[in-house]
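This report looks at a few residues in the structure shown below.

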Amino acid sequence: MNSDSQSNNKRIARNTVMLYIRMFFTMAIALYASRVVLAILGAVDYGIYNVVGGFVTMFSMISGAMTTATQRFISFEIGKGEEGNVKTMFSTAVIIHIVLALIILLLAETLGLWFVNTQMNFPEERYTAVNWVYQFSVATFIVNVICVPYNAAIVAYEKMTAFAYVSIIDAVLKLLILYLLCLSSIDSLILYSALLAMVTITISLIYGGYCTIKFSECRCNWQMSPHNRNKMLSFVSWNLIGSLAGVLREQGVNVLLNIFFGAAVNAARGIAYQVLGAVKGFVSNFQLAMNPQIVKSYAAEEKENMYNIVFRGSRFSFLLVLTMALPIIIEAPIILQLWLKDVPDYTVVFLRLVLITAIISSLSGTLITAMHASGKVRDYQIVVGSISLMTLPFAYILLKLGLEPQYALVAGLIIEFIDLFARMYMLKRSIDFPVKSFIRNVLLKVLPVVIISPLLPVYMSVSLDNGIISFLIICIISVLATLIFSFWLGITSNERQFFLNKVIILVNRVKKND
């Protein structure tokens, strides 16, 4: 292994550790907050926030996709070394995102406002609160879009420590929100959405300030290069189509559930997605640390190195999500009961379905980054985005036939599986991606793990009586089984030797200290 590769691996490992510190802190606060907010708001208002305030989540998905796209261009310029022009690219990105924010603001205050007030299903007396929640969501989105280039620059320069520190501020402010909710006599739903919008906007501005101070190349001079503008507009436009397809799939299903079943079912889905967010944090932080290396390897024309990072990232992402999700899938009823006390109907089945979907989706993260690195996204977004959008008519047909709400999520699970193979096919067409190698080095590696790992914990779950002791035993066995089979079946011999060497070094260090 050469010195550059070792340096990259150390950087990925260091950044991953910082992102995990951030994630554990924010995850604990988010899960605690969900329980308190559900108790304060009640199932109906919690469902209203989930489906209307869910536009914040929808917007964050869009801004997240744009962050990835912008980070690709900045990382690409950094990867070119002295030939790169980060400052011009950054300024171009800022201007594009301001214009984009204004366009979406216009759409949100016309079509979006009409849809919320005329097509969705809420209690008559809560429409005033619904409109306040919607407006706070729109304001949050506008600030987030404008700050996209700043977040992208932090990722491109691999300064993940900033995310860890700012996340502590974010978590403390969200705890303060819970305290104020308990004290105030103002409508809890309106106050909660207002305070959450203020926190989100504050965090976005902190990232923007950090980036401006830390990176001299990332200070907007309001000059736009026509060449960079055309490249970025083309890339961001097509990428935005793909991310909008994903957003419409997720939020569209939420809207369908609201129209067919009302806000209480939205509450169940919202709780399931809170747990999903915590689990996906494990893989997203890991992939976030790897993404700049994929882009920079492509920019430096080191394709073999890029492929190796993509394979390793996809495989480890899958195994991480599986390790976290398996005990939750098996023991979902008791976990939700311990966490929430009063569990809304359909929450258990929703949670299991979204976690299974997340396990499949985890294989695609580094594939998406590889496509972004190439810049050849038009055909990819048309094909994959079109398939993603099929979730909505598929779910609508199932619900129209009178099936229960969980079948809307089954539709999403099936489409996610199809999307995985569509991504591989489009990568093969665009950059001659080695699909056979991906299948051999990733899919066939993880398949035995996902088949064998659940056998013993599922058997124990069926055999043992429900109780805290059996719950703890099953969770421990689930994690251990996944880790053991991942180690022996899910990773390569070189990776296995790497981990063993690290353990030996750690043991020797402990002995030396003794």
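Cys-147 counts as buried, because its relative accessibility is 7%; buried means under 20% relative accessible area, exposed over 50% and partly exposed in between, with a 1.4 Å probe and protein chains only. The model is predicted, so local features need pLDDT of at least 70 and side-chain atom pairs count only at pLDDT 80 or more, while totals for chains, interfaces and linings use all residues. Residues are numbered from 1 along each chain as its sequence is written, and side-chain values use heavy atoms, leaving out hydrogens and water.

| Residue | Relative accessible area |
|---|---|
| Cys-147 | 7% |
| Ser-193 | 3% |
| Cys-211 | 0% |

A disulfide is a pair of cysteine sulfur atoms within 2.5 Å. The count by this rule is 0 disulfides. Cys-147 is in none, and its nearest cysteine sulfur, that of Cys-211, lies 9.8 Å away.

Ser-193 belongs to helix α7, residues 188-214. Helices (H or I, at least four residues) and strands (E, at least two) are DSSP runs, numbered from the N terminus. Apart from neighbours within four places in sequence, Ser-193 is in contact (heavy atoms within 4.5 Å) with Tyr-49, Val-133 and Phe-136. The C-alpha atoms of Ser-193 and Val-130 are 9.9 Å apart, although 63 residues separate the two along the chain.

Helix α11 spans residues 332-340, and its buried residues include Ala-332, Ile-334, Leu-336, Trp-339 and Leu-340. Just after α11 comes Lys-341, with a positive phi of about 70 degrees.
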